[in-house]
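User: Hi! Could you walk me through this structure? I'd like to begin with one residue and then look around.

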Amino acid sequence: MKRISVLLLLCLLASFVVAQEPQGKPALEAMVETERAFAKMSADQGTRPAFVAFIADDGVIFRPNAVPGKQWFKEHPLPPANSEKRPLLSWFPAVAGMARFGDMGYTTGPWEFRSDLHDDKAVAWGTFLTVWKKQPDGQWRFAIDLGISNPQPTEASAPWSLPKDYKAPNFKQGQWTINAAALRTRDEEFSRASATVGARKAFPDFAAADVRVYREGSFPVLGQAAGVAALPERANVWTWTPTFSDVSNSDDLGYTYGTYKITTGENVVESGNYLRIWRKDGGKWKVLVDLTNPVPPPKKD
C-alpha cells in the first residue's frame, strides 16, 4: 500500500466524496487523473476516507497480509480524531501503463509522509504501486495497492504526463482468449525456476527488458541488469506462492500477488507480500514491475 502504518491510518478522519472519472479522455489519462484525485482527497480529508472512496468493491489492502479492503474498513472504525494534529500522506503518479482494451492499468510513483500536514519536512519516503480497474459504471477504482519505503530522494521525480503523440488503441473485446489462470501458472513457473537455478539466473527469462524492481529500503531500479543485482544471491533461495491473478480483457496486461519467502538452508531470513505487474511480450508473459514488501516476524511472548 502507499506506505503508512496501521496506527497512523486509524488516526485519520472518515468522511468521503467520490470523484467522477473525467469524460472524453483516453483511458490512460482518465486513470491517472483518478489517481491524482485520490491523492488530493488524502491531502484534503485524510488518507482513510480517500482509501474508502477509491478502493474497488473487491479491492485488496494489506494488514499486514492481503484482506478484502471494504470489509476491513467496516470492521475497523476510526477512533475519535485528534483536532490538533493530522498526519499527511502525499503522493503522485510518475509512471503509468494501460491495457489495450482500456479496462486495467497501473500507476507508480513517490510518496512521502509528514507527521502533521503543517510540517515543512517529511519524515518518511517511498514508492507505491497501484493496479486500477475500470468499473461497470465507468469509474476507475484500485484493485490492489502496495509499496516500499526508500531513502529521501535527492532529485524529484517528474509527474506523469500524457505523451503528445499518444494514440489510444482501438481494441475490441473478444479478440483474445482471456485466461488469468495461465498468468498464475507463469508466476508459479518463475518461482520453481528461482528455487532450482537461483533468482538471479532465472530472472532474465521471466522479466521484461524494461522491468522495474522495488525492494524495501532501496530506490527502485530499472532494467534487467540492475534488477538482477537487487535479487537474493545464490546462497539464498527465493520462492513465492501466488494468491490471485487477473488479466485485462485484451490479455496483454495482468497482475499477480501473494506471499514470498527467502531462505538459507532451513532458516527463513525474510518473508512478506509481493505484487507483480505483467505484460505480454511476443506471446509470453513478462514481469514489468516486481515489488516485495517484507512483513516483520510475529513478536515472541
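User: Great, let's start with serine 248. Which residues does serine 248 touch, not counting those up to four places away in sequence?

Analyst: Serine 248 touches Ala99, Asp103, Met104, Ile178 and Leu253; a contact here means heavy atoms within 4.5 Å. One thing to keep in mind: this is a predicted model, so local features need pLDDT of at least 70 and side-chain atom pairs count only at pLDDT 80 or more, while totals for chains, interfaces and linings use all residues. Residues are numbered from 1 along each chain as its sequence is written, and side-chain values use heavy atoms, with hydrogens and water left out.

User: Is serine 248 buried or exposed?

Analyst: Serine 248 is buried, with a relative accessible area of 0%. Buried means under 20% relative accessible area, exposed means over 50%, and partly exposed is in between (1.4 Å probe, protein chains only).

User: And where does serine 248 lie?

Analyst: Serine 248 is in the loop between S10 and strand S11 (253-264). Helices (H or I, at least four residues) and strands (E, at least two) are DSSP runs numbered from the N terminus.

User: What does the side chain of serine 248 join up with?

Analyst: The side chain of aspartate 252, through a polar contact of 3.0 Å. By polar contact I mean a pair of N or O atoms within 3.5 Å; within protein, one must be able to donate a hydrogen and the other to accept it, and residues adjacent in sequence count only if both atoms are side-chain atoms.

User: What about aspartate 251, what is its phi?

Analyst: Aspartate 251 has a positive phi of about 55°, although it is not a glycine. It is found in the loop between S10 and S11, and at 6% relative accessibility it counts as buried.

User: Switching topic: what joins arginine 63 and proline 64?

Analyst: A cis peptide bond, with omega about -10°. Proline 64 lies in the loop between S1 and S2, and those two strands form a hairpin with three residues between them.

User: How do S1 and S2 run, parallel or antiparallel?

Analyst: Antiparallel, with three bridges joining S1 to strand S2 (residues 66-68). Phenylalanine 62 stands opposite alanine 66 in S2. S1 is also joined by two bridges to strand S7 (residues 140-149), and that pair runs parallel. In S7, isoleucine 144 is the bridge partner of valine 60. Strands count as paired if DSSP finds at least two bridges between them.

User: How many residues of S1 are buried?

Analyst: Six of the eight residues of strand S1 (residues 55-62) are buried, so S1 is largely enclosed by the rest of the structure.

User: Now helix H6. Which of its residues are buried?

Analyst: In helix H6 (residues 199-206), they are Ala199, Ala202, Phe203 and Phe206. They cover an arc of only 115° around the axis, which puts them on the same side of H6; the arc is that of the directions from the helix axis to the C-beta atoms. Lys201 and Asp205 are exposed on the other side of H6. The cover over the buried residues includes helix H5 (180-197) and strand S8 (207-215).

User: Last one: which residues touch the most other members of the largest nonpolar core?

Analyst: Of its 26 residues, Met31, Phe38, Phe54, Trp91, Trp132 and Phe142 do. The largest share of this core, seven residues, comes from helix H2 (residues 27-45). Another core, of 22 residues, lies apart from it, with Phe62 and Tyr255 among its members. A nonpolar core is a set of buried Ala, Val, Leu, Ile, Met, Phe, Trp, Tyr and Cys residues joined through side-chain atoms within 4.5 Å.
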